[in-house]
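Student: Could we go through this one together? I'd like to work from the overall build down to single residues.

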Amino acid sequence: MNGWLLAAALLLLVGFAPTVWGAASGPVRRRIMAQNLATLVACLAVLLLAQGYARPSYADLGLVLAVLGPAGTLVYARLLADELAGQPVRDRVARGLDRAMTPLAALAVPLVVVPLCVAAGPGRAMVKLLVIGVLLVGGNIVSSRALSGRRAGEKAGAADE
Amino acid sequence: MRPMNDVLIVLALALVAAAATAAVLARDPVRQSTVLALLGLALALLFAILQAPDVALSQLAVGSVLTPLMLLLSVRKVRRKGRADGRADDREQETGSAGEGERR
């Protein structure tokens, strides 16, 4: 029994499956947030899989995903800006995700990356893992700021004034 | 390692099936695009689990960014064109009715 693969399977079941439901129902903002969360979960799962299969080169997938995930979310935030600005955050799940996204990323990423770094030992692989972790947290901060309802609220307030 | 691998494959296949069903059931293209992005992610995970990281790499680039981008851009263009056509139709109707008025 391989603990890393077990952790990846659990992450897919607990983290990825609910995001499919979140992206398939509800208002547009919640769907985009679920997609953002899904990229984070998928990236962490890929890192765990790379360690589980003992193939450090698989971590490249995680690196690509850490760069492309926030880029995809920013595509949505840019092209659906009208739809996002038009409606306030009324959905409960979307509001919860809006508030919890950055703390969740800041908590989950070290929880996965630090054990992987310990298993990898000092060297190039560890530096790569750390870069991926920093990219994930930074990308999440950027994308959740782009999506956040607060900015839309401020804009509406400014328009009222 | 063997049973764990089977569990992972079954799990990834189930996720792909769920995401694909949701993508088929979504009617609005804008809402469908988020489900399609998730379907791309699930497929990339499946390829990684089946030991094909090169396929997963291209699937990630296409599925998570390019497909939603193309979809959203085309939806935007169609909507703009529809709005412009609507305005043109209105104008034609107005000028048409004015012309009728003059004729009378």
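Student: How much of chain B counts as buried?
Tutor: Of its 104 residues, 32% count as buried, where buried is defined as 20 or more other C-beta atoms within 10 Å of a residue's own, exposed as 12 or fewer and partly exposed as in between, with C-beta atoms placed from the backbone. Please keep in mind that this is a predicted model, in which local features need pLDDT of at least 70 and side-chain atom pairs count only at pLDDT 80 or more, while totals for chains, interfaces and linings use all residues. Residues are numbered from 1 along each chain as its sequence is written, and chains are lettered from A and ligands numbered from 1 in the order in which they are written.

Student: And what pattern does chain B follow along the sequence?
Tutor: The pattern is α-α-α, with three helices and zero strands; helices (H or I, at least four residues) and strands (E, at least two) are DSSP runs, numbered from the N terminus.

Student: Start with α1(B), then. What span does it reach?
Tutor: Its 24 residues reach 35 Å from first C-alpha to last, close to the 34 Å expected at 1.5 Å a residue, the expected span being 1.5 Å times one less than the number of residues.

Student: Which residues of α1(B) are buried, and what do they pack against?
Tutor: The buried ones are Leu8(B), Leu11(B), Ala12(B), Leu15(B), Ala19(B), Ala22(B) and Ala23(B), and they pack against α1 of chain A together with α2 of chain B.

Student: So to the contact between the chains: how many residues does each chain give?
Tutor: Chain B gives 31 residues and chain A gives 36, two residues being in contact if their C-beta atoms, placed from the backbone, lie within 7 Å. On the side of chain B that touches chain A, α3(B) gives the most, with 11 residues. By class, that side of chain B has 27 nonpolar, two polar and two charged residues; Ala, Val, Leu, Ile, Met, Phe, Trp, Tyr, Cys and Pro count as nonpolar, Asp, Glu, Lys and Arg as charged, and the others, Gly among them, as polar.

Student: How do α2(A) and α2(B) lie relative to each other, parallel or antiparallel?
Tutor: Their axes come within 9 Å and cross at roughly 5°, so the two helices are roughly parallel. Axes here are lines fitted to C-alpha atoms, for helices over the stretch in contact, with angles running from 0 to 180 degrees between N-to-C directions; angles under 35 degrees count as roughly parallel, over 145 as roughly antiparallel, 65 to 115 as roughly perpendicular and the rest as oblique. Residues that meet there include Ala38(A) and Leu49(A) from α2(A), and Leu41(B) and Ile49(B) from α2(B).

Student: What about α1(A) and α2(A), at what angle do they pack?
Tutor: They pack at about 165° with axes 9 Å apart, and are therefore roughly antiparallel.
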